[in-house]
Structures are given as C-alpha cells and as structure tokens.
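Visitor: I would like to learn how to read strand pairing and helix packing. Where do we start?

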Amino acid sequence: MATVTFQHASRTYPGTDAPAVDGLDLEIGDGEFLVLVGPSGCGKSTTLRMLAGLEPVDDGHIIIGDRDVTDVAPKNRDIAMVFQSYALYPHMTVAENIGFHLKVKKMPKKERRARVEEAARILDLHELLDRKPAKLSGGQRQRVAMGRAIVREPQVFLMDEPLSNLDAKLRVQTRTQIAALQRELGVTTVYVTHDQTEAMTMGDRVAVMNDGILQQCATPRELFTNPVNEFVAGFIGSPAMNLLPSNTEGADATYGTLRVPLTPDQLEALTSGSITVGVRPNDFEISAEGGLDATVEFVEELGSEAFLYCFADGTDKEIVARTDGLSSLQSGDKVSLIPRPAGLHLFDTKSGARLPA
C-alpha cells in the first residue's frame with residue numbers, strides 16, 4: 001500500500017491547445033478510496049492513465065509511496081488496473097484469467113493457485129473457476145477482472161468506469177461489493193466514473209474535475225453541503241441543485257418573488273451585480289405564499305417521496321422541489337417555494353465562486 005501524489009501534473013494532447021489535465025495537485029492517502037468524477041472530457045480518465053503510465057506527463061510529477069514514477073514504465077509501477085471492457089481472455093477459464101499475470105511472472109504453481117483461490121473466496125467466484133468468460137454474466141466477468149487485479153497484490157488499484165457496461169440493478173449491487181472489497185483489502189484505490197451517484201456512495205473522498213482542472217476534493221458530505229463553486233454545486237446531487245441567476249437590489253438577492261437577504265461580507269465579495277442562489281430540492285418548503293411563486297408542471301411520485309417540477313412565475317426556469325410521501329399537488333397547481341435558510345448556497349455569478357456565509 002502507498003500514498004499517491006500528483007504534483008502540478010499536466011497533460012496536453014498533440015494538436016490541442018488546452019491541457020486535458022492542467023496543473024493537478026492532489027494527494028491520495030494510504031488505503032484511501034478516491035473517486036474522480038466529472039462530465040465527459042473533464043480529464044478524469046487522462047488523470048488515471050497518467051498514473052498508470054499509459055499517458056506521458058508533460059509537466060509536473062507523479063509519486064507512488066516515496067518513489068517518483070513520472071518516467072517509470074507501466075509494468076514497473078506496482079499498480080493493477082480494472083477496465084470497463086473486462087479484457088478477459090475468452091479461451092481461458094476463470095482461474096486461468098485470474099492467475100495469468102502470475103504465470104507470466106513465473107510464480108510457482110502452488111503459490112499461484114493459493115492466490116487465485118484467495119481472490120475467488122473474496123469475490124465469491126469459487127464455483128466459477130472452471131468456466132470460461134462466455135458462460136458468465138456481466139457482473140461475474142467484472143468480478144473476474146477484479147480478481148485478476150487482486151492477485152497481483154499491488155500498491156494501488158486503478159479502476160476506469162468498471163460498472164458502465166452493467167445494467168442498473170447490477171451496478172448498485174456491484175458498487176456495494178467493490179466498496180466493501182476495498183475496505184477489506186485496504187489498498188489505495190483511484191476510481192473513475194461519470195456517475196456522481198457512484199462517486200457519492202463509494203468514495204472516502206471525491207475529486208470533482210472540469211475542463212482539466214480540479215474543482216474540489218472533499219468527502220461526499222462536504223461536497224453536498226459546502227460546494228466550493230457553482231459548477232460543483234450543480235454537478236453533485238440528484239436531482240441537481242436549483243441554481244437561480246438573481247439580481248441584487250439593495251441588500252437582497254431577488255429572483256421572481258423570492259428575496260434573499262445578503263450580509264455585508266457577501267455584498268463586498270461580489271464582483272458584479274449578479275448572484276446565483278442555489279437551493280437543493282430537499283431544502284424547499286412548499287407553501288401557499290411567502291417564497292418563490294411557481295406553477296407545478298409535473299409531479300414525479302416515488303412512493304416515499306415526490307418531486308415537483310415547477311416553473312417560477314414569469315420565467316422559463318424549471319425548478320425541482322422535494323416533498324415527503326405522496327403529494328396531493330397536481331399539474332397546474334400554484335405553490336410558493338420557501339428555501340430553508342440553512343439550505344441556501346450563494347455564488348458570484350461572474351466568477352462562480354462561493355460567497356462567504
């Protein structure tokens with residue numbers, strides 16, 4: 001096991017002007033499960049490939065443990081990678097696939113078999129060791145790919161969207177298994193996904209990237225309750241945070257009939273007259289008056305909760321509010337959405353930065 005450190009690491013692909021990863025500074029703790037998340041093209045997979053040695057580092061350094069591996073060949077970095085495509089050998093059994101790397105390394109047959117059986121125990125693959133990949137389900141194939149990484153006993157696991165080929169139900173089941181497995185093994189793990197639900201449920205910390213730049217790295221709770229900027233606020237959470245582009249009138253931010261009082265520190269921190277008010281769907285109270293007047297467009301009933309999709313009066317902005325249980329509201333009903341004071345998030349519209357509390 002080992003720490004992983006990116007020191008101002010950058011990568012620019014030939015023929016492009018903007019770096020795919022731009023000056024990344026990030027430290028991953030020994031035994032930590034860190035998830036890299038962000039929209040397509042944000043640089044998360046490039047970051048993982050740089051760590052694996054599959055992409056060169058144009059500037060900066062990458063350190064595993066106390067060793068600078070920036071210019072070290074992939075095979076000498078003591079890492080194991082799990083891809084989204086499984087990459088199993090179709091003519092080999094499960095046991096042969098799991099132990100293939102050990103065979104290449106000329107490990108004695110008895111020791112090799114012991115490691116394969118231990119990985120099979122951890123991943124509940126004992127009954128499948130003599131099968132070939134064609135006879136396995138998608139989830140079973142992914143577990144075989146995980147087993148192949150486990151037997152190598154690396155310092156670092158790298159996982160590149162390993163669940164993207166699974167159906168929704170199997171994804172939920174497998175992500176729970178991966179998280180439990182990582183805690184049992186205690187191996188430093190870097191996991192890439194575009195699915196923020198995966199990120200929030202699996203990672204000890206989550207690193208949010210956009211346009212090649214690290215936006216914020218924090219615990220899932222910290223990202224949800226204290227996003228550092230407007231991008232992180234809008235990206236983390238499902239349904240997404242409502243972001244209302246507002247104007248300042250005196251000491252208030254205004255959007256439609258909603259008025260949010262601002263502190264002197266918040267007014268001083270503004271770089272323009274525009275402010276974005278953020279409210280998560282669960283931080284709205286539904287009332288008849290006193291908040292943001294809106295019209296219900298659609299009600300999504302989920303049994304234990306309901307989501308109201310509304311349009312603020314006089315705007316074309318869709319706003320989502322959550323209620324407990326089954327809702328009595330219907331399409332066309334008038335409501336007033338009152339944000340809970342503790343659930344308000346304020347951002348400078350021009351810079352995107354969070355304003356002081």
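Guide: Start with pairing: two strands pair if DSSP finds at least two bridges between them. Keep in mind that this is a predicted model.

Visitor: In S17, which residue is the bridge partner of Thr295?

Guide: Phe311 in S17 is the bridge partner of Thr295. The pairing of S16 with S17 (residues 305-312) is antiparallel and runs over seven bridges.

Visitor: How many residues lie between S16 and S17 in the hairpin?

Guide: Three residues lie between them. Look at Gly303 in that turn: its phi is positive, about 90°.

Visitor: In what sense do S16 and S19 pair?

Guide: S16 (residues 292-301) and S19 (residues 334-339) pair in the antiparallel sense, over four bridges. Find Ala294, then look across to Val335 in S19.

Visitor: Now the helices. At what angle do the axes of H2 and H3 cross?

Guide: The axes of H2 (residues 94-104) and H3 (residues 109-123) cross at roughly 135° and come within 9 Å. Angles over 145 degrees count as roughly antiparallel, and 65 to 115 as roughly perpendicular. H2 and H3 are therefore oblique to each other.

Visitor: Is the crossing of H2 and H3 left-handed or right-handed?

Guide: H2 passes H3 in a right-handed crossing.

Visitor: Which residues in H2 and H3 meet?

Guide: From H2, take Ala95, Ile98, Gly99, Leu102 and Lys103. They meet Arg112, Arg113, Arg115, Val116 and Ala119 in H3. By class, the residues of this contact divide into five nonpolar, four charged and one polar.

Conventions. Residues are numbered from 1 along each chain as its sequence is written. This is a predicted model: local features need pLDDT of at least 70, side-chain atom pairs count only at pLDDT 80 or more; totals for chains, interfaces and linings use all residues. Side-chain values use heavy atoms; hydrogens and water are left out. Axes are lines fitted to C-alpha atoms, for helices over the stretch in contact, and angles run from 0 to 180 degrees between N-to-C directions. Helices (H or I, at least four residues) and strands (E, at least two) are DSSP runs, numbered from the N terminus. Angles under 35 degrees count as roughly parallel, over 145 as roughly antiparallel, 65 to 115 as roughly perpendicular and the rest as oblique. A crossing is left-handed if the near helix is turned anticlockwise from the far one by less than a right angle, and right-handed if clockwise. Contact means heavy atoms within 4.5 Å. Ala, Val, Leu, Ile, Met, Phe, Trp, Tyr, Cys and Pro count as nonpolar, Asp, Glu, Lys and Arg as charged, and the others, Gly among them, as polar.
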